[in-house]
Amino acid sequence: MSKASPEKLEKIRQQFEFEPYPKTSIDYSPKDNAELMFIHNLVTPYYLRDRMVIDPKNAIILDAGCGTGSKCLALAQANPGAKIVGIDLSERSVEFARKRMEYHGIENAEFYAIGIEDLPQLGLEFDYINCDEVLYLFADIADGLRAMRSVLKPQGIIRSNLHSELQRYLYFRAQKLFQLMGLMDHNPEDLEIELAVDTLKALKPNVQLKRTLRSNPDENRNEWVLMNLLFQEDKGYTIPDLFDGLRRAGLEFISMVNWQRWNLMSLFEKPDDLPSFLAMSLPGCSIEQQLHLYELFNAEHRLLDFWCGHSGQAKPKLSLDDWEIADWKATTVHLHPQLNTSEVRESLERSIKQQAPMLITRYLTSSVPEGVNFFVDSTIAATLLPLWDSPQPFTALADRYLKLKPVDSMTLEPVSVSSAIEQLTLAMQDLESYLYLLLESSD
């Protein structure tokens with residue numbers, strides 16, 4: 001997708017002119033999709049990097065490769081008051097994105113039919129850049145990252161992703177097959193799509209490539225085939241490829257977007273009793289090495305979905321395990337905006353009234369390791385209830401906890417301030433690890 005490859009660039013543009021992506025209905029609103037809002041809310045990546053809670057109002061957000069605008073809408077709804085700028089090679093897609101935002105009453109948005117390499121001509125700098133399902137189309141991912149870096153504010157953050165070479169290997173084989181068949185010599189349309197699907201349908205069930213065929217291949221057939229089997233310039237990458245691209249672009253890795261699902265230790269039945277070689281070597285592994293080991297052990301993720309920013313911008317953070325009482329007393333506790341819903345509050349209030357634990361990990365499940373269930377007991381739930389109205393000083397929540405639990409249930413002795421703080425901080429650390437609670441220090 002560089003200026004040095006105009007033919008390839010034109011192939012990609014033509015594909016999305018023929019079939020704008022995604023084909024999400026214009027009346028669909030992602031507002032109630034807590035998972036999507038969690039990812040697209042600027043609070044999430046900024047807190048992960050800096051442990052600070054930002055106000056996204058007045059931020060300037062770019063959706064690079066916006067397609068038909070579904071992610072622009074999600075970004076606008078997750079960040080009220082932000083300005084949204086969308087760019088895409090396809091004029092048809094950009095026009096649909098404009099109509100989508102107008103339909104939903106989003107006024108502070110503008111769109112341009114340009115490529116990512118032409119971003120400087122807009123004369124804008126961005127607080128956040130969303131580049132979803134685009135970067136892997138570049139001839140060199142560092143080129144795309146450099147182009148976005150050039151218009152990123154010093155404290156800004158980029159979210160982008162790459163197709164996994166390991167997880168999508170059958171699709172890449174299918175693409176090579178259909179290239180040999182001549183189905184991708186020009187922009188594939190209805191005939192090429194039909195030939196690709198018929199070819200896979202004709203295979204015996206035990207043939208590996210048949211696994212790329214969906215159970216209902218006729219549902220949204222054109223979109224699915226073009227984005228998988230006949231995807232022009234599609235390429236796969238590994239974690240080392242990702243980190244190499246970041247280094248060459250002068251960018252610094254922040255986190256995987258679904259970071260809890262990349263926990264290497266979660267792959268082992270007994271994490272505390274590893275084979276000797278792993279027990280000795282894993283503690284010294286870098287983040288890059290740990291992520292690469294994860295994908296080699298278990299290539300389950302279609303996307304290598306990540307956040308990054310300018311090098312050296314991350315603020316140093318003391319691990320919560322090392323916080324002293326003074327650190328906690330200087331802290332303001334926030335609820336993640338995407339947890340502040342009437343549904344979650346009603347569930348919390350039921351827990352309090354019934355004096356029953358609340359399964360809080362049923363909400364924002366993308367931030368929770370698969371299979372993990374975390375319950376909040378009714379006392380902690382009652383302690384945290386004021387957060388659904390406004391952020392609270394930790395000291396105020398500690399006082400509330402003491403009033404709710406003045407005596408030890410076993411000994412009937414008064415609960416000491418130090419004991420109350422210890423119990424409350426342990427619960428908060430668990431909730432903060434999933435970003436349900438955000439802890440902002442005044443120091």
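Predicted model: local features only at pLDDT ≥ 70, side-chain atom pairs only at ≥ 80, totals over all residues.
1. Residues are numbered from 1 along each chain as its sequence is written, and side-chain values use heavy atoms, with hydrogens and water left out.

2. On to the open spaces. A pocket here is an open set of points, on a 1 Å grid over the protein atoms alone, with protein on both sides within 12 Å along at least five of seven lines; a cavity is a set of points where a 1.4 Å probe fits but cannot get out, and lining residues have an atom within 4 Å of a point. Grid points are joined across faces, edges and corners, and a volume is the space filled by probe spheres set on the points. The largest pocket holds about 830 Å³ of space. Its lining has 23 residues, and L48, S255, W259, I287 and S433 lie nearest the centre.

3. Which elements give two or more residues to the lining of the largest pocket? They are α3 (43–50), β6 (251–256), α12 (287–297) and α17 (417–433), where helices (H or I, at least four residues) and strands (E, at least two) are DSSP runs numbered from the N terminus. Strand β6 gives the most, with four residues. By class, this lining has twelve nonpolar, seven polar and four charged residues.

4. Back to the second largest pocket, whose volume is about 420 Å³. Of its 28 lining residues, Y21, G65, D132, E133 and V134 are the closest to the centre. Helices α1 (6–18) and α4 (70–78) each supply at least two residues of this lining.

5. About 50 Å³ lies in the largest cavity, which is lined by L335, L339, L348, I360, V376, L384, L387, W388, L431, Y436 and L437. How does that lining divide by class? Into eleven nonpolar, no polar and no charged residues.

6. The second largest cavity has a volume of about 40 Å³. Its lining is made of Q15, F16, E19, P20, Y21, E223, L226 and M227, with α1 and α9 (221–226) as the elements that give two or more residues. Five of these lining residues are nonpolar, one is polar and two are charged.

7. Strand β1 (residues 60–64) deserves a point of its own. Five of its five residues are buried, where buried means under 20% relative accessible area, exposed over 50% and partly exposed in between (1.4 Å probe, protein chains only). On one side I60, L62 and A64 are buried, and on the other I61 and D63.

8. What does β1 pair with? Two strands pair if DSSP finds at least two bridges between them. Five bridges join β1 to the parallel strand β2 (residues 83–87), and three join β1 to β4 (residues 126–131), also parallel. I61 has a bridge partner on each: I84 in β2 and Y128 in β4. Together, β1, α4 and β2 make a right-handed β-α-β unit; right-handed means that, with the strands pointing away from the viewer, the path from the first strand over the helix to the second runs clockwise.

9. Finally, the rings. Rings of Phe, Tyr and Trp (its six-membered ring) pair if their centres lie within 6.5 Å; planes under 30 degrees apart count as stacked, over 60 as edge-to-face and the rest as tilted. There are ten aromatic pairs. Y136 and F231 have ring centres 5.9 Å apart and planes at 85 degrees, so they are edge-to-face. Y136 lies in the loop between β4 and α6 (141–149) and F231 in the loop between α9 and α10 (239–249), so their pair ties together parts 95 residues apart in sequence. Ring pairs also link F16, Y136 and F231 into a cluster.

Notes: Nonpolar A, V, L, I, M, F, W, Y, C, P; charged D, E, K, R; others polar.
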